2 protein chains.
Amino acid sequence: MNEDELVEAIAALTGAESRVLIGIGDDAAVWQPSRSQRSVISTDALIEGVHFSRAWMSPDDIGWRAMAANLSDLAAMAARPRLGTVALGIPPEWTPQALLECYAGMARCAKSYGLQIAGGDLVRAPVLTIAITVIGEVRASNLKTRSGARPGDVIASTGALGASRAGLDVAKGAVQIDAALAARALEAHRLPQPRLAQGRWLGASSRVHAMMDCSDGLSTDLTRMAQASGVGASIERVPIADAASAAAAALGIDPMAYALAGGEDFELLLAIESRAFMHLARRFQARFGQALERIGTVRADERIVMVNQGREEPIARTGWDHFSQ
Amino acid sequence: MNEDELVEAIAALTGAESRVLIGIGDDAAVWQPSRSQRSVISTDALIEGVHFSRAWMSPDDIGWRAMAANLSDLAAMAARPRLGTVALGIPPEWTPQALLECYAGMARCAKSYGLQIAGGDLVRAPVLTIAITVIGEVRASNLKTRSGARPGDVIASTGALGASRAGLDVAKGAVQIDAALAARALEAHRLPQPRLAQGRWLGASSRVHAMMDCSDGLSTDLTRMAQASGVGASIERVPIADAASAAAAALGIDPMAYALAGGEDFELLLAIESRAFMHLARRFQARFGQALERIGTVRADERIVMVNQGREEPIARTGWDHFSQ
């Protein structure tokens, strides 16, 4: 299979869509941006052996998760996905079949959330390398950043944390938990659902002051939001996924570790005007059938603390940092 | 240096620009597309050991060339560069200093051509991995693809070919040529100039029927243009860069090899209405001080041939194919 043949097989997987005027096969892809909307762009790279391993995931799951991670950044900006590009670095031991399976996972995830894969690049590399760029659109008034948190705001997330990391431990055989919980943890790890509808819904509320995705672990991401906003945070309660609690219990460790440092849950982390929180949470529950989880409170000083039985303890930033590890 | 510190150092290199509303540091970058223009996106990945080697290039040159290769795709669509993202996979042996030098080369090239680096990703990888996505804008009426070539059109390029590949051989010490030519060849290899102004100028002419960049070697790229357009091509004359001729003479090989299979010259390859060619070439020469090089003629049948003293010889597709090699 030469390069042009592989490009053809991939183009067949992504399908044609009228919204992209010129797609895979030319020097570049062309589209008409929506008038009156801002455009949003995000890029993530995933490297075999660093971010994923074929030992724990199928090629299809690897593709899905890579695309989901990128779409989660659009969710955090309250944007609607539009089109994207995929640069693949391909090592000799990946067969064209495995590669097309991986691409199929990406394409399926993209399609589920309305994103058209419009182009990309294929090159040789020592390990599988996936660099995805996604573009979305959002009304200027709905756009949320991580820098708008204000003292007194409620800190919340769109769901419980830690399931993805628990799923990785289950996949590795590092822990054994109840079969139903194990299945949910594996699904959270392999087929994460970026919170795009939730992000757009939350973006439409002026009471949501800051929003970001919680992909590097709560302690790291909350620190980033606080720094960008020039504030601090008190964590009063960490919503821990059942599967993470079960895995922690089986291992005899603190379940907080999964939620604070786990990462890749792709829930949205929010700062919401305090007096609007209860009403917004009720409407969120009615709309999405899931809780808007209250985590803590934004504070004026720049400290990040855990409130434990009335005592404040500083928390270490234990999340995923690609360079300090 | 942890991830957030590296992001800060990189953000300082790219500078702030008002055209990008939210840049490096949030989940995604945000911009306002121009009304009445189409948007164009292209992605290229470069892998250490496959596309470049630190043995022959400085980190700064590697960065420049990676960005230039991406901008060349925008040139081929007659687009004006707007913003881009850079995903870097970083191996342990690259120091932060070398990395920032590489980034500086990218940023300098981007700035030279009006592109703002608006975001990206930093991850660990076994070898340096650079995936760049660039976005440009073009009036719908000026957009050129590779599929518009018509029988009888003149095939032309914006310059002579082969200098970049000759420069690589000079850098490797594989050939010795005249010092002035060697310097030009090295510059062509290390600091290639994407033909953005030329692309926009040519895009404004309705007599230009097809345009693409000649980055994989003339034989491969001309075949792609012909296939996309459903036509063939007769190559009557290959414009060979002086440095490539000198290198070929020194090695005792056919200089055509450099031009047909060399690749990475980043000249634009064109199909131009026959009766308009002479006039367009004169205006091009006056505007850019360089020749629009006539290469051959588009033919109705789907053969790609070299015309040699009146005889037609089929040419092999000898360019760069990332998967057949």
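At what angle do helix H2 (residues 59-76) of chain B and helix H3 (residues 96-112) of chain B pack? I noted first that this is a predicted model. I then found an angle of about 40 degrees for H2(B) and H3(B), with the axes 7 Å apart. The two helices are therefore oblique to each other, and their crossing is right-handed.

Next I looked up who meets whom. On the H2(B) side I listed residues including Ile62(B), Trp64(B) and Met67(B), and on the H3(B) side residues including Tyr103(B), Met106(B) and Cys109(B). Sorted by class, this contact has 13 nonpolar, two polar and four charged residues.

I moved to chain A for another pair. Helix H4 (residues 163-171) and helix H5 (residues 179-190) have axes that come within 7 Å and cross at roughly 110 degrees. That makes H4(A) roughly perpendicular to H5(A). Among the residues in contact I wrote down Leu168(A) and Val170(A) from H4(A), and Leu186(A) and His189(A) from H5(A). The residues of this contact divide into nine nonpolar, three polar and two charged.

My last entry is on helix H7 (residues 218-229) of chain A. Is H7(A) largely enclosed or exposed? I found 10 of its 12 residues buried, so H7(A) is largely enclosed by the rest of the structure. Among the buried ones are Leu222(A), Arg224(A) and Met225(A). The buried residues pack against several elements of chain A, including strand S8 (208-213) and helix H9 (256-261).

Notes:
Residues numbered from 1 in each chain as written. Chains lettered and ligands numbered in written order. Predicted model: local features only at pLDDT ≥ 70, side-chain atom pairs only at ≥ 80, totals over all residues. Axes fitted to C-alpha atoms, helices over the stretch in contact; angles between N-to-C directions. Helix = DSSP H or I, 4+ residues; strand = E, 2+ residues; numbered from the N terminus. Parallel < 35°, antiparallel > 145°, perpendicular 65-115°, else oblique. Contact = placed C-beta atoms within 7 Å. Nonpolar A, V, L, I, M, F, W, Y, C, P; charged D, E, K, R; others polar. Left-handed = near helix turned anticlockwise from the far one by under 90°. Buried ≥ 20, exposed ≤ 12 C-beta atoms within 10 Å, placed from the backbone.
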